Amino acid sequence: MDLNKKIYIAGHNGMVGAAIKRKLTEAGYKNIILRSRQELDLSIQSDVEKFFAENKPQVVIIAAAKVGGIHANNIYRAEFLYNNLMIETNLIEASKQYDVEKLIFLGSSCIYPKHSPQPIKEEFVLSGYLEPTNEPYSIAKITGIKLCENYFRQYGANFFSLMPTNLYGPNDYFNLENSHVIPGLIRKMQEAKLNGLKEVTLWGTGKATREFLYVEDLAEAVQFAIENLNASDIYNLEISQLNIGTGIEVSISELAAQIKKTVKFDGELIYDTSKPDGMPRRLLDVSRVHSLGWKHKTSLEQGLMLTYKWFNENYQSIRT
């Protein structure tokens, strides 16, 4: 890949976009195009088209999305559906209109059915009912996948989708109400430790299992895809998207115990079983991306230590 290619990262201030920006900058890419939400509202089609006309990016990475944990997904259902649909639709259509050479859409493993066979293969998408608590977000992401696939099939556009598993790392969203499980638990346990509390309450039974990928590993997967993959590589496998994960699952109770050890919280972990677990199990089959030449590098223990270090260094700015 030419290091002078004009690469637009949509959503560069988020956890994923920021990691991709760091990775590509470290790799020597010199023409990375960035716009904040204040500079460019991706939900407004005319603004997006004007941006593409003026800047003519050659590679587009869609890391922009409205995201959150179980609580946020369940409460802000219309917002999660509308905002994500508008963002991805505007970006994909503008990329086609302005002849973008390669577009990579980043989705989520929540696109797969709630009771999907495990580990989850790419072809299981649309094979059953979704988890109700995050159905709107899932539908938006599935739409983005199918937009990329069908722009390839109808127009020959080099657009394809990567489906990362649950992500965590620097720049994660540590809000106690709306965060995902890892940043939420890190903050809960850190503040419980600082305030001398003797227990922390977790949602659900702790029995649900999840797979977690350190965000810097995802950024490396995106760089790998920019340099080595094309849409035909994905669709020739007769799949609509490519799973990106570790292939390793951990129960929420095991995860909480590891975070407790990382934070050095000495109190008790209490499980509120009146709250939902969400999907009972979610483990991606990552054999296809392994066969194409990419594999994660960071263990969960290492990733949690690095995330907690970043959290401590930035605690004052993320407390509110």
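This is a predicted model: local features need pLDDT of at least 70, side-chain atom pairs count only at pLDDT 80 or more; totals for chains, interfaces and linings use all residues.
Is the crossing of α1 and α7 left-handed or right-handed? The crossing is right-handed.

**Nonpolar cores**
- The largest nonpolar core has 69 residues, and within it Tyr8 and Ile20 touch the most other members.
- Helix α7 (residues 215-228) supplies the largest share of this core, eight residues.
- A further core of 26 residues lies apart from it; among its members are Ala256, Ile259, Leu304 and Trp310.
- Beyond its neighbours within four places in sequence, Tyr8 contacts Ile33, Arg35, Leu40, Leu42, Phe51, Phe52, Pro57, Val59, Val60, Ile61 and Leu91.

**Helix α2 (residues 45-55)**
- Val48, Phe51, Phe52 and Asn55 are the buried residues of α2.
- These residues lie on the same side of α2 because they cover an arc of only 95° around the axis.
- The elements covering the buried residues include β1 (6-10), β2 (31-33), β3 (59-62) and α4 (77-97).
- Lys50 and Glu54 are exposed, on the face of α2 turned away from its buried side.
- Lys56 follows α2 and has a positive phi, near 45°.

**Helices α1 and α7**
- The axis of α1 (residues 15-26) comes within 8 Å of the axis of α7, and the two cross at roughly 60°.
- α1 and α7 are therefore oblique to each other.
- On the α1 side, the residues that meet α7 are Met15, Val16, Ala19, Ile20, Arg22, Lys23 and Leu24.
- On the α7 side, the residues that meet α1 are Val215, Glu216, Leu218, Ala219, Glu220, Val222, Gln223 and Ile226.

Terms used: Residues are numbered from 1 along each chain as its sequence is written. Side-chain values use heavy atoms; hydrogens and water are left out. A nonpolar core is a set of buried Ala, Val, Leu, Ile, Met, Phe, Trp, Tyr and Cys residues joined through side-chain atoms within 4.5 Å. Buried means under 20% relative accessible area, exposed over 50%, partly exposed in between (1.4 Å probe, protein chains only). Helices (H or I, at least four residues) and strands (E, at least two) are DSSP runs, numbered from the N terminus. Contact means heavy atoms within 4.5 Å. The arc is that of the directions from the helix axis to the C-beta atoms. Axes are lines fitted to C-alpha atoms, for helices over the stretch in contact, and angles run from 0 to 180 degrees between N-to-C directions. Angles under 35 degrees count as roughly parallel, over 145 as roughly antiparallel, 65 to 115 as roughly perpendicular and the rest as oblique. A crossing is left-handed if the near helix is turned anticlockwise from the far one by less than a right angle, and right-handed if clockwise.
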